[in-house]
Amino acid sequence: MAYNSKSMLRLPLIIAAALVLIRIVLEQAGSPDSINNIFGVAWLYFLVPVYFAMQISQFELDSPYRSLFIALGLYAIYTRLMVLPTYSLAWWLNWQSPRFQLQQGGVVGEGVTALQGLLLVPLRNAGIWIIAAIIIGMIIGSGILAVKRKSAPAKA
């Protein structure tokens with residue numbers, strides 16, 4: 001079995017897409033924020049690095065940390081591309097969920113222009129989250145890879 005980053009990304013991306021859709025439905029249905037926050041993609045930035053590191057550690061790669069970095073980067077970019085349209089829709093449709101409010105870095109509020117609401121704020125938020133997801137993921141995933149690599153020679 002050969003290492004394939006595309007197949008490794010598939011399941012986490014499907015889960016992220018489902019969470020994005022579920023959260024939108026819950027927010028529009030008026031669910032409390034305590035419930036809505038459970039269905040956020042941000043939680044996956046702590047869990048998916050564990051999955052990636054475990055998958056990568058099964059293969060004898062020359063650069064597992066580079067593979068982890070690339071997988072995390074792609075995952076973060078793809079998930080933020082899923083979330084980005086929700087902010088644009090929130091501005092367009094004036095969604096009142098707290099995460100979309102101007103006071104919380106969102107796009108709904110007095111004085112938000114079309115350029116800000118449809119493009120600038122969503123792109124800014126995506127950039128911040130992509131960088132944060134990669135940093136968090138590399139810390140978590142690198143720790144797991146290091147432990148797995150140390151335990152591998154002990155087994156041999």
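Modeller: A helix here is a DSSP run of H or I with at least four residues, numbered from the N terminus. The model is a predicted one.

Colleague: Which residue follows H1, and what is its phi?
Modeller: H1 covers residues 5–29. Gly 30 comes after H1. The phi of Gly 30 is positive, near 90°.

Colleague: How many helices and strands does the protein have?
Modeller: From the N terminus on, the elements run α-α-α-α-α. The count is five helices and zero strands.

Colleague: What does the C-alpha trace span along its principal axes?
Modeller: The protein has 156 residues. Along the principal axes, their C-alpha trace spans about 65 × 30 × 25 Å.

Colleague: How far does H1 reach from its first C-alpha to its last?
Modeller: H1 has 25 residues. At 1.5 Å a residue, 36 Å is expected. The reach in the model is close to that, at 36 Å.

Colleague: Where in H1 does a kink lie?
Modeller: The kink is about 25°. It comes shortly before the proline Pro 12. The kink lies at Leu 11.

Colleague: Which helices do the buried residues of H1 pack against?
Modeller: Buried means under 20% relative accessible area. The buried residues of H1 include Leu 9, Pro 12, Leu 13, Ala 16, Leu 19 and Val 20. Arg 23 and Glu 27 are also among them. The buried residues of H1 pack against H2 (33–36), H3 (44–57) and H4 (64–93).

Colleague: Why does Asn 94 count as partly exposed?
Modeller: Partly exposed lies between the buried limit of 20% and the exposed limit of 50%. Asn 94 falls in that range because its relative accessibility is 45%.

Colleague: What share of the contacts with a separation of 6 or more do residues 24 or more positions apart account for?
Modeller: A contact means heavy atoms within 4.5 Å. Among contacts with a separation of 6 or more, residues 24 or more positions apart account for 63%.

Colleague: How far apart are the mean positions of the positive and negative charges?
Modeller: The protein has 11 positive and 5 negative charges. Their mean positions are apart by 10 Å.

Definitions and conventions. Residues numbered from 1 in each chain as written. Predicted model: local features only at pLDDT ≥ 70, side-chain atom pairs only at ≥ 80, totals over all residues. Heavy atoms only, no water. Helix = DSSP H or I, 4+ residues; strand = E, 2+ residues; numbered from the N terminus. Buried < 20%, exposed > 50% of the residue type's maximum accessible area, 1.4 Å probe, protein only. Lys, Arg positive; Asp, Glu negative; His and termini not counted. Charge placed at Lys NZ, Arg CZ, Asp CG, Glu CD. Expected span 1.5 Å × (residues − 1). Bend = angle between axes of the 7 residues up to and from the residue.
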